[in-house]
Amino acid sequence: MKISYLKADNFMLFDHLDISWSSNINIISGENSTGKSTLLKLMYSILKPISLPNAAAMTQEQMETAIVEKMQGNFRPDEGKIGRLVSRKQGSNRTDVELGLEKAGKVAIGFGNRQEKHAEIAASVDNFQRFDPVYMPPKEMISSTEHFQSLYENYHIDFEEMYYDLTKLLDRPLKKGANTSEQNKVLASFEKIIDGKIIQKDKKFYLKMKGAGEFEMGLVSEGYRKLATIIYLITSGSLDKNSVLFWDEPETNMNPRMIRYIVEAAAELAKMGVQVFITTHDYFVQQCFNLISAYPKINEGNLDIQFVSLYRNEEGKIRYSAAHQVSELEHNSIMEEFDALYLREQSIIYGDI
């Protein structure tokens with residue numbers, strides 16, 4: 001199941017959005033508070049409930065409840081009032097969101113700013129095939145899996161529900177048998193960084209290094225923990241050809257040297273059939289994907305990579321530009337800041353320019 005487009009009117013920061021997505025890889029950039037993570041959370045909140053095994057048998061009321069509860073859990077509006085996700089304006093206002101799916105399917109949601117726990121849902125999905133939305137948040141969770149689920153289920157803790165969903169995926173045991181050739185190609189990119197295996201014992205994770213024994217995840221750097229999470233999701237089958245991966249700022253706590261291999265692994269996932277959405281502030285992430293997109297000789301899978309840049313126009317409204325190469329983006333906050341730093345250095349050396 002792939003996402004083909006997203007339309008949104010009056011949803012949080014967005015007064016209007018109508019964007020088509022690549023079925024392979026989408027790289028989303030932009031300054032802070034331009035809605036990058038909002039886009040990922042919105043699509044995930046709609047997609048996750050209809051990925052459940054019983055989705056095809058859901059009544060209209062059950063689907064409405066499932067999607068509303070997922071949006072409440074992921075966005076955490078005060079008192080769970082879903083109407084607080086509508087763009088803030090005086091008087092009554094309403095948001096309408098439509099998520100397009102492959103083969104002409106779609107899910108539409110609408111609710112007003114005075115709604116608390118109700119939304120109008122219209123779903124048209126002809127074939128509920130198995131698929132797995134996976135959300136990788138900026139904070140790693142593999143070192144906290146042991147107790148996080150029970151804490152989340154029994155106490156009110158200030159974590160969005162994507163974190164809880166991720167720990168449930170990490171709780172799945174490894175599948176029996178050898179990895180597929182597709183899995184091995186993806187894992188090979190990570191093995192260039194992590195020379196070892198990820199082991200789970202009683203909901204605790206360890207990194208088993210060759211010749212050095214097992215290390216508790218709490219003793220491993222956070223960047224390695226995030227890589228370990230992806231490795232385990234692949235080897236357990238949670239991240240496979242039927243998945244949609246939402247990865248929010250993969251560069252967080254990562255050494256730039258590791259970015260190349262993360263990008264190569266994401267490309268291998270896309271070749272496997274995974275649809276990938278990545279948000280980033282990082283020059284290296286953007287440029288490494290751009291190399292694949294710009295040079296066919298290293299784009300073995302002929303992957304379609306789309307770069308999306310969110311920005312505020314002169315009226316302060318969020319707009320976007322999209323292109324298949326970074327140089328073609330009309331607005332690119334990462335490159336704009338890179339250029340500004342260069343000009344600052346030149347000014348220091350040669351005087352005001």
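This is a predicted model: local features need pLDDT of at least 70, side-chain atom pairs count only at pLDDT 80 or more; totals for chains, interfaces and linings use all residues.
Trainee: In what order do the strands of the open sheet lie?

Mentor: Begin with the terms: helices (H or I, at least four residues) and strands (E, at least two) are DSSP runs numbered from the N terminus, and two strands pair if DSSP finds at least two bridges between them. Here 3 strands form an open sheet in the order β8-β9-β10, with antiparallel pairing. The edge strands, each pairing on one side only, are β8 (196-201) and β10 (213-216), and the twist from one strand to the next averages 35°. Between β8 and β9 (residues 204-209), which run antiparallel, there are 6 bridges; Gly196, for instance, stands opposite Met209 in β9.

Trainee: Which helix lies across β8 and β9, and at what angle to β8 does it run?

Mentor: For such angles, axes are lines fitted to C-alpha atoms, for helices over the stretch in contact, and the angles run from 0 to 180 degrees between N-to-C directions. The helix is α6 (residues 222-235), which runs at about 75° to β8.

Trainee: How many residues of α6 are buried?

Mentor: A residue is called buried under 20% relative accessible area, exposed over 50%, and partly exposed in between, using a 1.4 Å probe and protein chains only. By that rule α6 is mostly covered, since 12 of its 14 residues are buried, among them Gly223, Arg225 and Lys226. Just after α6, Gly237 takes a positive phi of about 85°.

Trainee: How far apart are the end C-alpha atoms of α6, and what span should its residues give?

Mentor: The expected span of a helix is 1.5 Å times one less than its number of residues. The 14 residues of α6 should therefore span 20 Å, and its end C-alpha atoms are 20 Å apart, which agrees. For helix α9 (residues 333-350), the 18 residues should span 26 Å, and the end C-alpha atoms lie 25 Å apart, which agrees as well.

Trainee: Which residues of α9 are buried, and what covers them?

Mentor: Ser333, Ile334 and Gln346 are buried in α9, and what covers the buried residues of this helix includes β3 (25-30), α8 (283-294) and β13 (305-312).

Trainee: How do α8 and α9 cross?

Mentor: Their axes come within 10 Å and cross at roughly 115°. The crossing is left-handed, a term used if the near helix is turned anticlockwise from the far one by less than a right angle, with right-handed used if clockwise. Contact means heavy atoms within 4.5 Å, and here Tyr283, Gln286 and Gln287 in α8 meet Ile334, Met335 and Phe338 in α9. The residues of this contact divide into 4 nonpolar, 2 polar and no charged, where Ala, Val, Leu, Ile, Met, Phe, Trp, Tyr, Cys and Pro count as nonpolar, Asp, Glu, Lys and Arg as charged, and the others, Gly among them, as polar.

Trainee: How many residues stand between the strands of the β13 and β14 hairpin?

Mentor: There are 5 residues between them, and Gly316 in the turn has a positive phi of about 85°. The two strands, β13 and β14 (residues 318-323), pair in the antiparallel sense over 6 bridges, and Phe307 has Ala323 in β14 as its bridge partner.

Trainee: Which residues other than glycine have a positive phi here?

Mentor: In general, most residues other than glycine have a negative phi. Cases to look at in this model include Arg76, whose phi is near 50°, and Glu249, which has a positive phi of about 55°. Arg76 lies in the loop between α2 (60-75) and β4 (94-101), and because its relative accessibility is 27%, Arg76 counts as partly exposed. Glu249 is found in the loop between β11 (243-248) and α7 (256-272).

Trainee: Is Thr279 buried or exposed?

Mentor: Thr279, in strand β12 (residues 275-279), is buried because its relative accessible area is 0%. Leaving aside neighbours within four places in sequence, Thr279 is in contact with several residues, including Ile28, Trp247 and Glu249.

Methods
Residues are numbered from 1 along each chain as its sequence is written. Side-chain values use heavy atoms; hydrogens and water are left out.
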